[in-house]
Amino acid sequence: MVGIDKLHITTREFKLMDNNEYTPHYTKPPGSEIIETHKRYQDPTGLIQSSINHKGLVIQINPSAIIRTIKGEPMNYLATTKEDIETATELALTHIESIGIRLPEQSLIDITRIDYAKDMQTDHPAMEYFPALAILGGKRLKPRNEPTTYYFANSQRQFCMYDKGQEVHDKTNGNKQLEGNITRFECRYLKTKEVQKTCNLRNLQEFMATTPEQWQQFYSTQLKEQVFRTDNNEPIPLTLTMKQQQRITDYFGGNRKFEQIIMKSALLEYYGSRERMEQHLKHIGMKRSGIGKKLRQCETALKQKGIIDSYRNKETTATLLNELITKFTNVA
């Protein structure tokens, strides 16, 4: 099921009460008096953030995190029902009013960002699919990859895929784990005009009237058109084209880093094991810190080379992409 993971809303039609709990922030331009730039508030749980600036009142809500906290759900919980969204939004707006803000009706509250998300159990860890996404190339979107996240993005919208299990592990210092390969794909709409044009939502009232079925249909359509581009009907070739090979090279950091991966992995393969390589480096007098760094680099390179080698096989690329298309764009 598709859920709502983030919601930013704003309005100019608000009233700040005298007994508000917003903290003012100041600046002092050279040669000028100190002036207030904005006010900010964050509730003690960190679930609701708000600020007041020249654009008006901005409220940042994570409905999934709010419901997860209330119900004691797992850390990858997504708000996938109308009840979830209504509960989370009502709690957030009531809380904002309790700290000194008088809010207008929902038709006067704009949506400036909305994130749709879906979690799926995938056959492999998320990062093994990233080169497949790199081969696709985005539709008027610039690709960007980080260790556990792959993006297609521009200033208006982002599509990102990441390892949710790894995120939970990192946030809890390893105290909480998710079973299996839990991969999350998010569609993020980052500006008011983009929300209005692409999501066809002008205000909070209109969003609250939408249904989970509509979220699913919209999410599926966006992934098909913007990321997987299934409307192109272009089959994956039996061998990588030069353009696709360049995209994989770029994914791994460009030609220089790509060649370093091949060389460092070959070095570890030559010694046959981590232990034999470590013994050799000690024998030639390398310092302990240097040995550890070199071994880590070679081990990472060997894993990366394994992924690179798998993509020389058209069957692998097609299988991975078809799995993502089936699991993330299925509206059933």
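Y189 and F218 are both buried, where buried means under 20% relative accessible area, exposed over 50% and partly exposed in between, with a 1.4 Å probe and protein chains only. The model is predicted, so that local features need pLDDT of at least 70 and side-chain atom pairs count only at pLDDT 80 or more, while totals for chains, interfaces and linings use all residues. Residues are numbered from 1 along each chain as its sequence is written, and side-chain values use heavy atoms, with hydrogens and water left out.

**Exercise 1.** Classify the aromatic pair formed by Y150 and Y251, and locate its two partners.

*Solution.* Rings of Phe, Tyr and Trp (its six-membered ring) pair if their centres lie within 6.5 Å, and planes under 30 degrees apart count as stacked, over 60 as edge-to-face and the rest as tilted. The search of the whole structure gives 14 aromatic pairs. Y150 belongs to strand β10 and Y251 to helix α8, 101 residues apart; helices (H or I, at least four residues) and strands (E, at least two) are DSSP runs, numbered from the N terminus. Y150 is buried at 3% relative accessibility, and Y251 is buried at 9%.
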